[in-house]
Amino acid sequence: MSGRKSVTILGSTGSIGCNTVDLVERRPDLYRVEALVANSRVDILAEQARKLKAKLAVVADEGAYGALKAALAGTGIEAAAGPKAVVAAAEMPAEWVMAAIVGAAGLAPTLAAVRRGAVVGLANKECLVCAGQLMMAEVLKHGATLLPVDSEHSAIFQVFEADQHDKIEKIILTASGGPFRTKTREFMADVTPEQAVAHPNWSMGAKISVDSASMFNKGLELIEAHHLFDMPEEKIDIVVHPQSVIHSLVAYVDGSVLAQLGSPDMRTPIAYALGWPNRIEAPAPKLNLAEIATLTFEAPDPVRFPSLRLAREALRAGGSAAAVMNAANEMAVAAFLGRRIGFLDIASIVERTVAGVTHCELGSIDDVLAQDAAARRFASNLIDGGR
């Protein structure tokens, strides 16, 4: 049993984290758990820690420490709380780390794992959207391995011939189109949070579901792909593929287009990253193309979904533009889920925040966090001011 891979899961109670826990639990012969980290859901975290026999369980919310300690009493599992404890968990000597903490809170612990040369399964978009150049430089400097967990980037990674980089014509990200793919802007003006989170193909958390509905998730993924695969913005295309079977494609100069296909189940890309460089079994439904019968594709509508234009503009602008865009989107999505703004106001608030916040070059994570905070303040004023 000494040959088991040691694992830490940052964000273990979220959608990605729970799917990772599911895979690890199925193979106790392959994996042992160093640490589990959650934000505030003590009941789920404690249950996961007991089930996986983790050495450490950490809750980011310091106010939840007492409840976590009580829930783990008598188990021998150490409990800790607070942002510093989250980073300390990432610094523990796990060979493989799932970085699935949502938002800017995931930056510091992911960077801590990278700086000790770990293999990192990256499910936190903000690490590359907000601090892509910094993060990739640290990966190179410390000999870490970054394995994309997003289904789209995992798909590209699996068919991307790194030694043929100069022979790649473009990479193509697929998008489901979300629940409003065929709806008018007039319809979208009055949609509810319940309608926005009802994704037709994927089971995800509320924030990413809203991002899918607005297609901001695809804009964020475009920026991620630029950093992960060192591809210029103009060589990254997006195509709407409602069935979510082809997860992304890579086109080569000889006319070959390589794609990765699979059922829309996040356990497939998670399993790929968890097992890498080998493959492990996953419980995702097996793909039956004869049953599906038809795969369709269409161009995204830039008028109904301005998020794609905003993401391309932020990537071209460089510096802190993408970090500002991301922070504004987080604030706007939270306000929409709280019924404080309408669905179409999300893109408007993001665009006005990117235009209104002074951008800068990013020399450190502190610079990223400062720009993130400035953008949140600006966006908050827009939201509170009635837009």
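**Entry 1: the loop at Ser244**

I began with Ser244, which sits in the loop between β9 and β10 (246-252). Helix and strand labels follow DSSP runs, numbered from the N terminus: helices are H or I of at least four residues, strands are E of at least two. I work on a predicted model, where local features need pLDDT of at least 70, side-chain atom pairs count only at pLDDT 80 or more, and totals for chains, interfaces and linings use all residues. Residues are numbered from 1 along each chain as its sequence is written, and side-chain values use heavy atoms, with hydrogens and water left out.

I looked up the backbone of Ser244. Its phi is positive, about 55 degrees, although Ser244 is not a glycine. Most residues other than glycine have a negative phi. Is Ser244 buried or exposed? Ser244 counts as buried, at 5% relative accessibility. Buried means under 20% relative accessible area, exposed over 50%, and partly exposed in between, with a 1.4 Å probe and protein chains only.

**Entry 2: the four-stranded sheet**

Next I traced the sheet that holds β9. It is an open sheet of four strands in the order β9-β8-β10-β11, and the pairing is mixed. I used the DSSP rule that two strands pair if there are at least two bridges between them. β9 (236-240) and β11 (257-261) are the edge strands, each pairing on one side only. From one strand to the next, the twist averages 20 degrees.

I then followed β8 (residues 168-175). Five bridges link β8 to β9 in the parallel sense. Which residue of β9 stands opposite Ile171? I found Ile236 there.

Helix α11 (residues 216-229) lies across β8 and β9, and runs at about 150 degrees to β8. Axes here are lines fitted to C-alpha atoms, for helices over the stretch in contact, and angles run from 0 to 180 degrees between N-to-C directions.

**Entry 3: the cores**

Ile171 came up again. It is one of the residues with the most contacts inside the largest nonpolar core, together with Phe343 and Ile346. That core has 88 residues. A nonpolar core is a set of buried Ala, Val, Leu, Ile, Met, Phe, Trp, Tyr and Cys residues joined through side-chain atoms within 4.5 Å. Which helix gives the largest share? Helix α15 (residues 321-337) does, with nine residues.

Beyond its neighbours within four places in sequence, its contacts include Phe180, Met188, Val191 and Phe336. Contact means heavy atoms within 4.5 Å. Another core lies apart, with 35 residues, among them Leu45, Ala79, Ala100 and Leu274.

**Entry 4: the partners of α11**

Two packed helices are described by the angle between their axes and the distance between the axes. I took α15 as one partner. The axes of α11 and α15 come within 12 Å and cross at roughly 155 degrees. That makes α11 roughly antiparallel to α15. Angles under 35 degrees count as roughly parallel, over 145 as roughly antiparallel, 65 to 115 as roughly perpendicular and the rest as oblique. Phe216, Leu220 and Ile223 of α11 meet Ala322, Met325, Asn326 and Asn329 of α15.

Then I turned to α14 (residues 307-317). α11 and α14 pack at about 25 degrees, with axes 7 Å apart. The two are therefore roughly parallel. On the α11 side, the contact includes Phe216, Lys218 and His226. On the α14 side, it includes Ser307, Ala311 and Leu315.

How many of the nine residues of α10 are buried? I noted seven, so described as mostly covered. Lys207 and Asp211 are among them. The buried residues pack against several helices, including α6 (125-142), α9 (193-196) and α16 (345-356).

Met215 lies in the loop between α10 (206-214) and α11. Met215 is not a glycine, yet its phi is positive, about 70 degrees. Met215 is buried, at 2% relative accessible area.

**Entry 5: a cis bond and the other sheet**

I found a cis peptide bond joining Trp276 and Pro277, with omega about 10 degrees. Pro277 is in the loop between α12 (267-275) and α13 (289-292).

Last, I read off an open sheet of seven strands, ordered β4-β3-β2-β1-β5-β6-β7, with parallel pairing. Its edge strands are β4 (78-81) and β7 (145-148). Six bridges join β1 (residues 5-10) to β2 (residues 31-38). Leu10 has Val37 of β2 as its bridge partner.
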